[in-house]
Each structure stands twice: as structure tokens, then as C-alpha cells.
Amino acid sequence: MRAMVYRGPYRVRVEEKPPPRIEHPNDAIVRVELAAICGSDLHLYHGLMPDTRVGTTFGHEFIGVVEQVGPSVERVQVGDRVMVPFNVYCGSCYYCARGLYANCHNVNPNATAVGGIYGYSHTCGGYDGGQAELVRVPFADVGPAPIPDWMDAEDAVLLTDAVATGYFGAQLGDIVEGDVVVVFGAGPVGLAAAQSAWLMGAGRVIVVDHLEYRLAKARELAHAETYNFAEHRDVVVLLKRVTDHLGADVAIDAVGAEADGSLLQHVTAAKLKLQGGSPVALNWAIDSVRKGGTVSVVGAYGPIFSAVKFGDAVNKGLTLRMNQCHVKRQWPRLFEHVRNGYLRPRDIVTHRFPLEDIAEAYHVFSAKLDGCIKPLVVPGPA
Ligand SMILES: NC(=O)c1ccc[n+]([C@@H]2O[C@H](COP(=O)([O-])OP(=O)(O)OC[C@H]3O[C@@H](n4cnc5c(N)ncnc54)[C@H](O)[C@@H]3O)[C@@H](O)[C@H]2O)c1
Ligand SMILES: [Zn+2]
Ligand SMILES: [Zn+2]
């Protein structure tokens, strides 16, 4: 089969690979109809995720048709058109029983820190992902769900991660009616978080980024008030000024460890590798919420210490909430919002690349060329 393959930092290509096989009685093999590239894939592409092995296929956002099932699979059948959450999870461990699918204890030898994610390095379990013609889906009775007849394919693929994660980011903010919510990052996750904040009762939604075309999208799709941090000497002072000098009630970090905005953090993190990433957006979130406010972190961070303003968070009495998204838990409510037209995930999509052009797709998305916000990947005909 044809599959995206990682060759090293900034080097990906499409190769011929042996097709995946059923390895366990509860596996399924899915023929991918549509996949996406996530901002998280850029961390892999940039070589920042430990144990990302040459030969790995990325891709944790995908939908497709079940082509084969193992002997114990009962809930999906060959021919079913399914959407697959990015989490690989068992459905029955201590964590899964509590809905913490992202923290499943049975799918990853490194499970004390992180669960399983398709196509996300051996740190996250070593599963090959869906930027390919075929993908192995473990625990096929647990994760995949049939795509409802009325649902658009592009909406479905975005619900397997980006939009579910944005919604989760807003949820972790514990928004109450009238809250001022500031979202850092106007990528797919931040845009979805800003839209979701309104659905949860926010009274004001502010989005911060430095890419003007993405801020324009935040105004258009999420009706947000936007600020370009590159145009202001100190974005935290600005945010205080526009929030009665108290600060926002809720801040959502939808940026993660590759944040821009501080040369010092960039040099110590990206260049000298003294930190596990740049905590600029996280520190801005901590600084720009009011005392007693909530910081929700869905941006991705590596395992190691970074110069986070933890003392300030303590002294301000903040609530910090964070996790990978438990995607399937969000679906019942998100399906309603999509069906009723409150959310149209496909509006975030800007590019559609054939799988064969995967190198170009990663380059355009990573370098933020051509107004790229969310690229989809379309495998060729079988
Ligand atoms: N927790 C989860 O389950 C989960 C799921 C999906 C993605 N993620 C993570 O969420 C983050 C966002 O994902 P995405 O797909 O939207 O990525 P993206 O790379 O498309 O968007 C990130 C945005 O942040 C902006 N940015 C950079 N520095 C900033 C700063 N200091 N302040 C404000 N904005 C800044 C960038 O210009 C960019 O527009 C990534 O770290 C990704 O790994 C987490
Ligand atoms: Zn993702
Ligand atoms: Zn589990």
C-alpha cells in the first residue's frame, strides 16, 4: 500500500509499505477515505517528539471503510464507514472506565505518562497512523463509530481530533455564563475552542495569534475579538487593559511547546534544548487570567521541565486543567451541534492534498504558506 513515511526531521515522503494485518482478534483494518494533518504532526515533523522512528506512518485524524475484522470484533462490520478517534484505548481499564480514554493504561508501554495515539511515535505506543491507504485499528469494538448518513466527510474527519479537542479545551475552562475567554492560538484547535466557548455561555471571546490570516478566520468563523501579539510590545498588558485590568476569566492554551513570541524562550528551547519546549503561550495564559481564574491547556508539551510560571499560578490561585482529548466522549454533543448547524468543522479546512503529495502538504502547513490552516490528505484510488 501507499503510505506517508517519516524519514527524519523535515523529511517525509510516500512509500510502498506492506499492508497492515490483523494482529489481535479485536483489530480491524480500515481503508482510509480521508485523513488530515494536525498541528501535533508538526511537532513530529520538526523532530521534537522523542522516539519518532524512521519508517513510521503519521496520521491520527482519519475516516474510512472497514475492510477486514478480527474474529472477536462484534460492533463493526466489513463495509462500515467509520470515523476513528485519535486515541487508541482499551475501553475497560481503570482510566477508560472513567472516560479518560486519552490516559488508557493498556495500550502503551510508556503508559504511566501518556496513552496511545495513532501515528504518534513510539512514545505514544508505536501505532502506525492513517496518512496511508490502510490502517490497523486496535480495539475495533471500542473506538470507531459509524459515520451518520447526514454527516459530511470533512466534518467527520475533523471530529476525530481538531474540533473535538477545541471543544474539550473550552470544556476544561469551566466557562460560566458571561465569562471573558481568551484563546491563544488560531490554528484549527484554537478556532474550534473559540467557537465552542460561545456555545458554553462565554460573554466575550478573544483570540491571540500572530498570523493575520488566521486571526481573520477567527473573526469570520468564531466572531472573536482578535489581537496580533507581534503588533504589541506586551500582549499580557494589552489583555489586562481590555479586561478592566483584572484579566480574563478563562484562558485556553491552544498553542503548545512550539510557541513563538519570545526570543529567549526560542533560543533556550528550540536551539539549545535546555527546556522541553517554549512555554510562552502557557505563561501568557497564566499571566492574563484574573486571580482565581482557570487556565485550560490543550496545546501539546513534552515531558520535561520548562520555565513555566508555576509560582505565579499558585499565588494567583488559578485552576490549571489539561489533558489530551478523550475524543469519543465528546461525540454525542458534537454530533448535535454539527447537525443543528452550530458548528461546521469543514469551514476550517483550507487545503486538500493527494497522499502522493504528502511532502508538499507538510511543507505548506509547517511553513504556514498559502493561507494554510487545515490540510486534508486524500489517498488515491485503490
Ligand atoms: N490535547 C490534545 O488532545 C491535542 C489535540 C490536537 C492538537 N493538540 C495540540 O494543540 C496545539 C494546536 O494545534 P493546531 O492543530 O491548532 O496547531 P497549529 O500549529 O495549526 O496552530 C498553532 C497556532 O498557534 C500560533 N502561535 C504560536 N505562538 C503563539 C503564541 N505565543 N500565542 C498565541 N498563538 C501562538 C501559531 O501561529 C498557530 O497559528 C498543538 O500544540 C497541538 O499539538 C493537542
Ligand atoms: Zn492532533
Ligand atoms: Zn484503557
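Into which domains is the chain divided? Before I answer, please keep in mind that what we are looking at is a predicted model. The chain is divided into domain 1, which is made of two segments, 2-161 and 326-378, and domain 2, which covers 166-322. The C-alpha centres of these two domains lie 26 Å apart, and across the boundary 16 residues of domain 1 are in contact with 17 residues of domain 2. On the domain 1 side of that contact, the elements giving two or more residues are helix 1, residues 39-45, and helix 11, residues 327-339. By class, that side of domain 1 has 7 nonpolar, 6 polar and 3 charged residues.

Let me stay with helix 11 for a moment. Helix 11 has 13 residues and reaches 18 Å from its first C-alpha to its last, which is close to the 18 Å expected at 1.5 Å a residue, and yet there is a bend of about 40° in helix 11 at Arg333. The buried residues of helix 11 are Val327, Lys328, Gln330, Leu334 and Val338. Among the elements covering the buried residues of helix 11 are strand 6 (87-88), strand 9 (145-146), helix 3 (153-159) and helix 4 (162-172). After helix 11 comes Gly341, with a positive phi near 85°.

Now to the ligand. Around ligand 1 there are 34 residues, of which Gly39, Ser40, Gly187, Gly256 and Ala300 come nearest. The elements that give two or more residues to this shell are helix 1, helix 4, helix 5 (188-199), strand 11 (204-209) and helix 9 (280-288). Helix 1 gives the most, with 4 residues, and helix 1 is also one of the elements on the side of domain 1 that touches domain 2. The shell draws at least three residues from each of the two domains, and by class it has 18 nonpolar, 12 polar and 4 charged residues.

Is Ile147 buried or exposed? Ile147 counts as buried, because it has 21 C-beta neighbours inside 10 Å, where the cut-off for burial is 20 or more. Leaving aside residues up to four places away in sequence, Ile147 touches Ile63, Arg81, Val82, Met83 and Ala156.

Arg352, in strand 16 (residues 351-354), has 15 C-beta neighbours inside 10 Å and therefore counts as partly exposed. With residues up to four places away in sequence again left out, Arg352 touches Leu376 and Val378. The C-alpha atoms of Arg352 and Ala36 are separated by 8.8 Å, although these residues are 316 residues apart along the chain.

Ser121, with a phi of about 75°, has its place in the loop between strand 7 (116-117) and strand 8 (134-137), and Ser121 counts as buried because it has 22 C-beta neighbours inside 10 Å. Asp370, with a phi near 55°, is found in the loop between helix 12 (358-366) and strand 17 (375-378), and with 11 C-beta neighbours inside 10 Å Asp370 counts as exposed.

Key. Residues are numbered from 1 along each chain as its sequence is written. Chains are lettered from A and ligands numbered from 1 in the order in which they are written. This is a predicted model: local features need pLDDT of at least 70, side-chain atom pairs count only at pLDDT 80 or more; totals for chains, interfaces and linings use all residues. Domain bounds come from an automatic or database domain assignment. Two residues are in contact if their C-beta atoms, placed from the backbone, lie within 7 Å. Ala, Val, Leu, Ile, Met, Phe, Trp, Tyr, Cys and Pro count as nonpolar, Asp, Glu, Lys and Arg as charged, and the others, Gly among them, as polar. The expected span of a helix is 1.5 Å times one less than its number of residues. The bend at a residue is the angle between axes fitted to the seven residues ending there and the seven starting there. A residue is buried if 20 or more other C-beta atoms lie within 10 Å of its own, exposed if 12 or fewer, and partly exposed in between; C-beta atoms are placed from the backbone. A residue is near a molecule or strand if its C-beta atom, placed from the backbone, lies within 6 Å of it.
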